[in-house]
Amino acid sequence: MAASQNSAVLRPGSGTAPKDSVQNSEIQVQYRTLSIHADSLQKEKEDAKKAANSADPASAIRQIDVHRLAIEEVFTRFSTSPTVGLEDTAVQRRSKDGKNVISKPPTQYWKKALNYIFGGFNFLMWIAFIVTVLSYEPLGEPDPAVFNLGVAVLLLLVIIVSATFYAFVDWHASRIMNSIKNLVAEDASVIRDGKHQTVRARDLVVGDVVTLSMGDRVPADLRLVTVSSDVRFDRSLLTGESDMVPGTLDLTSDNALETRNLALASTFVVQGSCTGVVFAIGDKSVIGRIVAMSGKAQFKLTTVQKEVWFFTKIISTLALGLFALSLIVWAAWLRRSFPGFETASEAIVNSIGCLTAFVPQGLPVCVALSLTIVARRMAKRNVLVKNLATIETLGCMSVLCSDKTGTLTVGKMSVQNVAFIDGEFQVDEIKERFSAAETCNAPLALRALHMVSRLCNGAKFDSASARLPLDERQIKGDATDSAILRFSEGLFVPSIGISTPSLLGSYEKTFEIPFNSRNKWMLTLVQRSAEPKAQAASDADKWMLVKGGPDVLFPKCSSVMKADGSVIPLDSSRRTHLQLLQERWSSEGQRVLALCRRPLHQGKPPARIRRNYI
């Protein structure tokens, strides 16, 4: 449009000009217009690069604006395509900007070494050591005392032992924190040259088109360009919140950390699938910026550190004052009044006694040892201590309040109890009492429980860990589904025909509605396969299985199952009984779910699930 307008401005002067001149004028105008456009693009790229390379990590996070762009503008900015992705030449060119790895926070080892050697009371020991060496030579001439040299060696050993201990304590604390690793995924599925490829996550570049599915760890910061309706992310590593965050294509917040159209590195896809364009990798990603900020954070002195430092200053002042006073007394009085009583070397050694006697060299060691013992005890309870000083702060608390359950838990769940209308069972009790083949009093309702929990489940086992024991196998899915999947997979009651392989071989899934926060339930339709195994003939061929919140499903239920497998009407008294059970379990910190099923005799579910249909 700009070229046409400029051409129109030049046309009035072209009435008597030759044809070649007019063409040359148009070519010059078009060239100038394209140059201006190229300059503006170059300026935008420089501004974006400047923001990405900002020295302040917090400022760089605030300057993220890719979530405000439309999807077409995202592909334009990063010169990529939704179907072709990046070409090999573009990947090679952009790979020069660095790998998709998070660097460790920079450590100034020389400062740490100086603190180990001269920190605490060690600087007084150094003063005593230097003065003792001087008292041996040259002040001890012509007959230097070997005792003075021995004192100097002893002081040096004390310094070495103290510095080594300080270094060991610091190394031990940092070794504990090394348990937090693997912030970046190992592999990533990308589209390059129009082909789906699996590459190492460290080889991702800005502009790559990455595809994600359930159970994948997000390998880099992505701007989402396609999402499934049920896609959910686990951001507990970044925010501490255990609730799943849905993914969208539209902007939901100006804050890059809160908007839902971005998938940030180190988070998990717990449900659904999506595609995104990489806009930041490695140290320039949000998690990389956070790691950089954590490395720059300066810890303030705690109460114990302040008291120890104050005590150190008082003792050091007294020790240096008495040392100086002892030398002054010798020089001003003893040396003149009693010339042969004490030489300069002997006076210095005696004064050093005043200096070292006041130094509680074991105090920092005892404090550090006490904190280290506490840190070891906390580590056994899966509490990682980043800095020993925080232990003292924790000990000063009487009440700990938190509004983020994900901060205090590991994000893992397990099934503890199951209940029917007339009985409750603990999972350990079920495994101990009913796993034997000769058991004959197992509750028949466990068959229905096993069927719903195993077939109506959004989680799945990772095939790479199929050979590991059940408790060690990796599961792709959210914490709730993962707990139910692990429970149902391990449930084995041969006396009533409960076997997971037989169940999976007897039914096949025909339809599914994944769980979402709006409905608060998951629905699955299954039908008997061609060759059923280990199922009673009275079982229906097709079932509708539903799992979700009791407050949502109980109003839609008309009957309830007893432990012996019989079905009775769900009247008001039984509803009250179930609600009381739910409240009791919830008060104990347990998440309560209701499992429901209904046979589909006609083969097709209704267009709309009516009340009391389940």
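Is S266 buried or exposed, and at what relative accessibility? At 1% relative accessibility, S266 counts as buried, where buried means under 20% relative accessible area, exposed over 50% and partly exposed in between, with a 1.4 Å probe and protein chains only. This is a predicted model, in which local features need pLDDT of at least 70 and side-chain atom pairs count only at pLDDT 80 or more, while totals for chains, interfaces and linings use all residues. Residues are numbered from 1 along each chain as its sequence is written, and side-chain values use heavy atoms, with hydrogens and water left out. Helices (H or I, at least four residues) and strands (E, at least two) are DSSP runs, numbered from the N terminus.

**Loop residues with positive phi**

- Most residues other than glycine have a negative phi.
- S266 is found in the loop between β7 and β8 (268-271), and its phi is near 80°, a positive value in a residue other than glycine.
- D193, in the loop between β1 (187-192) and β2, likewise has a positive phi, near 55°, but at 33% relative accessibility D193 counts as partly exposed.

**Helix α11**

- The 35 residues of helix α11 (residues 303-337) should span 51 Å at 1.5 Å a residue, and the end C-alpha atoms are 50 Å apart, which agrees; the expected span is 1.5 Å times one less than the number of residues.
- A kink of about 40° in α11 is centred on W330, the bend at a residue being the angle between axes fitted to the seven residues ending there and the seven starting there.
- W330 is also one of the buried residues of α11, which include T312, I315 and F323, and the buried residues of this helix pack against α7 (122-136) and α12 (344-357).

- Strand β10 (residues 417-420) pairs with strand β11 (residues 423-426) in the antiparallel sense over four bridges, and the two form a hairpin with two residues between them.
- In a regular strand the side chains alternate between the two faces of the sheet.
- Helix α17 (residues 445-455) has 10 of its 11 residues buried, so it is largely enclosed by the rest of the structure.
- I430 touches V418, F425, S435, L446 and L491, not counting residues up to four places away in sequence, a contact being heavy atoms within 4.5 Å.

**K547 and strand β16**

- K547 belongs to strand β16 (residues 542-548), in which six of the seven residues are buried, and at 4% relative accessibility K547 itself counts as buried.
- Strand β16 pairs in the antiparallel sense with β15 (residues 521-528) over seven bridges and with β19 (residues 594-599) over six bridges.
- M522 stands opposite K547, whereas the bridge partner of G548 in β19 is A594.
- The side chain of K547 makes a polar contact with the side chain of D481 at 2.3 Å, where a polar contact is a pair of N or O atoms within 3.5 Å; within protein, one must be able to donate a hydrogen and the other to accept it, and residues adjacent in sequence count only if both atoms are side-chain atoms.
- A polar atom of the K547 side chain also lies 3.1 Å from the backbone oxygen of C456.

Definitions and conventions: Pairing = 2+ DSSP bridges.
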